[in-house]
Amino acid sequence: MTDDQPERREDEAEFSEEQSSLLKITIAPTLWAGHFVICYALVAVTCAKGWDFPTVRAGLLAISCLVVCGIGFVGWRAWRQWNVEETGDFINRRGRAEDRHHFLGHAAFLLSVISVIGVGFVVLPLFFIGGCQ
Amino acid sequence: MRKSGLPEPTGPYPPTEAMLAEPVPDDVQRAQEDRLRKVWETPKGWRYWSAVNNSEVGKWYCLTALAFMLLAGVMALVIRLQLIVPENDLISADRFNQLFTMHGSAMMFLFAVPMFEAISILLLPGMLGARDMPFPRLSAFGYWCFLIGGVFVIGSIFFDVAPRAGWFMYPPLATKDPGPGSDIWLLGLSFIEVASIAAAVELIVGTLKCRPPGMRVNIMPLYAWYVLVVGGMILFAFPPLIAGDFLFELERSFNWPFFDPTRGGDPMLWQHLFWIFGHPEVYIIFLPSIAIAAMVIPTVARRPIFGYSWIVLSAVGTGFLSFGLWVHHMFTTGLPSISLGFFSAASEAVVIPTGIQIFAFLATLMVGRVKMTLPMLWISGALAIFTMGGLTGVMLALAPFDFQAHDTYFIVAHLHYTLFGGMVFPVIAGVYYFFPFIQKKKLSDRLGKWAFWLTFTGFNLTFLPMHLTGLWGMPRRVYTYPTGLGWDGLNMISTVGAFIVAAGFGVFVWDLIRPKKDQPQIERNPWDAGTLEWSHDIPEEAWGVRSIPHVTTRYPLWDQPDMAARMDAGRYYLPDAEEGKRETLITSVIDATPVQVQRVTGPAWITLAAAGFTGGAFIFPTFHMYPPAIVCGAFAVVCILYWLWTSTARPPEADAKDVGLGLKLPTYAAGPSSVGWWAMWITMLGDATAFASLVFGFFFYWTAQPDFPPEGALHAVPGLVALAAMGFAAGWGLTVCARHLNRGGAVMAARLCLGLSSLAVAGGATALIGSVTPLNPEAHVYPATLWALAIWIAVHVGAGVIMLLYCLAGSIFGKLTPRYDADIWNVTLYWHFVTISALVVCAILGLAPGAL
């Protein structure tokens, strides 16, 4: 294929990591979902089988910290990819490869923010509810 | 991986301005138009019903869903009439139970979800500038399944045998219910769910692979984003219910005690599986309807949507978070309060992305120059009502409040506010907005306003008082109530309101179906919208788009002013149909660069026959008539095989063709670049979810029941389980070998592998069933669960063996060659999934007795 956009070849190399996948923007919400399932399943089994609740809770809080760090890392990468500081373009509405690249960064960044908030919400009961009752 | 030797795309891309500006001679244009018109012609006379084009199937689908909705609405009116005064005896308690069960079931399964799919099938190709969806016969098959299943389920009410245990079919009420009612619900709706999943696969692949060249993911219409998210949600939400239905029907038909606590079962498992489906379902309904708002609002505001990325965030975010809410339907079932806490928290969190969407819409309206059109009127009504439903949703997400309001009319009010605001009003807005696109006529402004104000006032009159009725303690689902509890007046108001809503719907439906022969045809793009569907031809043409444009902006009709004229002139891609075949363009997932010309299938009766037999396979068991069901199932398989054999992945007459503007694209694809492979991948994702739900069931019993497995229970025969595992592993290896050997040209060796592979897996399945044969599934839930897992795998292996033999036959009769090998790619993909599930089951059967 020939090309009339001179920068396109460079884009292709630069943005090749997302050439075939939309899944990257779902990493942060998937981490949220995984965290949710672990919390729910582990607590359910703990309550059903009478395992030691405080230990499980401590473990879950540790996992939560890891998950928040993971989402934070994804968010930071996405922020870099969005690159709004340099381009000043919040909207990325044009049909060029770099707009798409920045847009996916933007979407992934926003999803990381919402995922951190989601994890925060889910962790609240671990702080406020002391046992199985 | 060895290349198949198929050509790569060649020629200039993207097209330059000079190339696009080059005129096409008039006679060439006319000849092209004639050929296209002939190829895409809608069949005439009685053959009309063999049509598979998205514009026809979409219309039938919408009208059928509307008809079911109206029937369910009439049921609601009877319910309201019964409740108009205390101690009323208009209908019997049993009839009342049937009515509310069918009202909920029909509205959910026969209206809300199918309506989304119907609208998407109708509109999506237009928005994406595609000629049709990638698998038109699959949409037609889905539609006919829906029609047959829907008529069967809703028809039961006329024979006084309708399901009557509530639309969520809680056991033991539903499992112990005598008569065929519960079976009708289970089998009829399972059948429809299969159709829904088929449509979801079609829509996801359509959105990912059938966008016009240049429509990268950051400029595709928001509706397409919502379709992707909702399609994905259907794949993860519906299968748990199918797994639940499978267990439920095994209990109903064969007395296997999955939900019977006296033999180790647990009704709570049904509630989990049902609501893992049921809560995301609410968002599956809500998101596409709100997507309609996302299409209407920029048009009326005369500016691009504000915060495109934010809306994508909220669509994707809501899609994920909505899966963390299912237990808020089960707050009063006695779960540990910390579990309730997680779900309460997630229920509150989902408000954030939902709110973001609403604010993005409001912001767009505030910064735009709003022209108050009829669709906008309905959208405003929707926003008002949905916000109100959202507020009570926040209240109900708080567990202590929910304990109080649980199963009262407060819930009825809340759910109708969210569903009317989140679904019904936006969909009606969409009907007014898109009617000129669908029928090339406009609906009446005057009637539309009447319909709106009647519906809006009537709705609030009906459901606003119910908040109070509920808070004052009136339970749901009671067929009458004593006087003197303060509910009389409120119920009277609600009933009057319900009839005003009905009058509103009457006006709307009349406007929709009244003859419009004398009405002038509309001008093109009557709302002056910016998205691609409004480039449609007036008068109507069945070819979708005259030529598939190169899109570089979010609102191409606003920002690429020459586009429509160039599309009409056949200046863009695929302006012709020289070979007399229906075709559309396949592009890459992220950047929408053209990769292939896809042949799409034309009118056929076989889809109807396949749907009829599939219907028989589901409907006969309702009446415990198993032999005819098996015969129907066999015929359905034959029909589907015939349809695949004759019209999918056939070797093309030429490897590549010129699609216009000097671009030459391959006409055949196999593996990850083909749409069939994507469809298989996506279907298997759903299938794997259903399987995971069964496995979840096993571990659920383990946590919830102290006697799982019971003391001294028999376990699966370990030797046979090991043999089964070896059979599956060998079969999988041979299948992968067959694919490699075939591509490498060793056709005979590939055939040998295919044959051996089917023997190995069939042996594996036999050993697996043999391993559980000594167990008595009626005695306890432990052997029943092992049996269910083994059956699940055996059925999948059976389908997989048919696929292997299909490839073998394809190889022998020249359908499958080393160069054209899409079938074997898809079958291998299927086997990756089935092998993993089979080995997991072997592990559970073989290892669990020692581990638990």
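The following legends describe close-up views of a predicted model. Local features require pLDDT of at least 70 and side-chain atom pairs pLDDT 80 or more, whereas totals for chains, interfaces and linings use all residues; side-chain values use heavy atoms, without hydrogens and water. Residues are numbered from 1 along each chain as its sequence is written, with chains lettered from A and ligands numbered from 1 in the order in which they are written.

Figure 1. Because its relative accessibility is 0%, B:T101 counts as buried (under 20% relative accessible area, with a 1.4 Å probe and protein chains only). Beyond its neighbours within four places in sequence, B:T101 is in contact with B:P163, B:R164, B:A165, B:G166, B:W167 and B:M169 (contact means heavy atoms within 4.5 Å). A polar atom of the B:T101 side chain lies 2.9 Å from the backbone nitrogen of B:G166. B:W185 is 84 residues away along the chain, yet its C-alpha atom is separated from that of B:T101 by 9.6 Å.

**Figure 2. Packing of α4(B) against α8(B).** Helix α8 of chain B spans residues 222–254 and packs with α4(B) at an angle of about 145°, the axes being 11 Å apart. Axes are lines fitted to C-alpha atoms over the stretch in contact, and angles run from 0 to 180 degrees between N-to-C directions. Residues making the contact include B:F109, B:F116 and B:E117 of α4(B) and B:Y223, B:V230 and B:F238 of α8(B). The residues of this contact comprise 13 nonpolar, one polar and one charged (Ala, Val, Leu, Ile, Met, Phe, Trp, Tyr, Cys and Pro count as nonpolar, Asp, Glu, Lys and Arg as charged, and the others, Gly among them, as polar).

**Figure 3. The disulfide of A:C47 and A:C132.** The sulfur atoms of A:C47 and A:C132 are 2.0 Å apart (a disulfide is a pair of cysteine sulfur atoms within 2.5 Å). The link is left-handed, with -90° about the S-S bond. A:C47 lies in helix α2 (residues 27–49) of chain A and A:C132 in the segment after α5 (97–128), 85 residues apart. At 25% relative accessibility, A:C132 counts as partly exposed (between the buried limit and 50%).

**Figure 4. Cysteines A:C65 and A:C69.** The closest cysteine sulfur to that of A:C65 is in A:C69, 6.6 Å away and therefore too far for a bond. A:C69 counts as exposed because its relative accessibility is 54% (exposed means over 50%).

Key:
Polar contact = N/O pair within 3.5 Å; in protein donor to acceptor, adjacent residues only side chain to side chain. Helix = DSSP H or I, 4+ residues; strand = E, 2+ residues; numbered from the N terminus.
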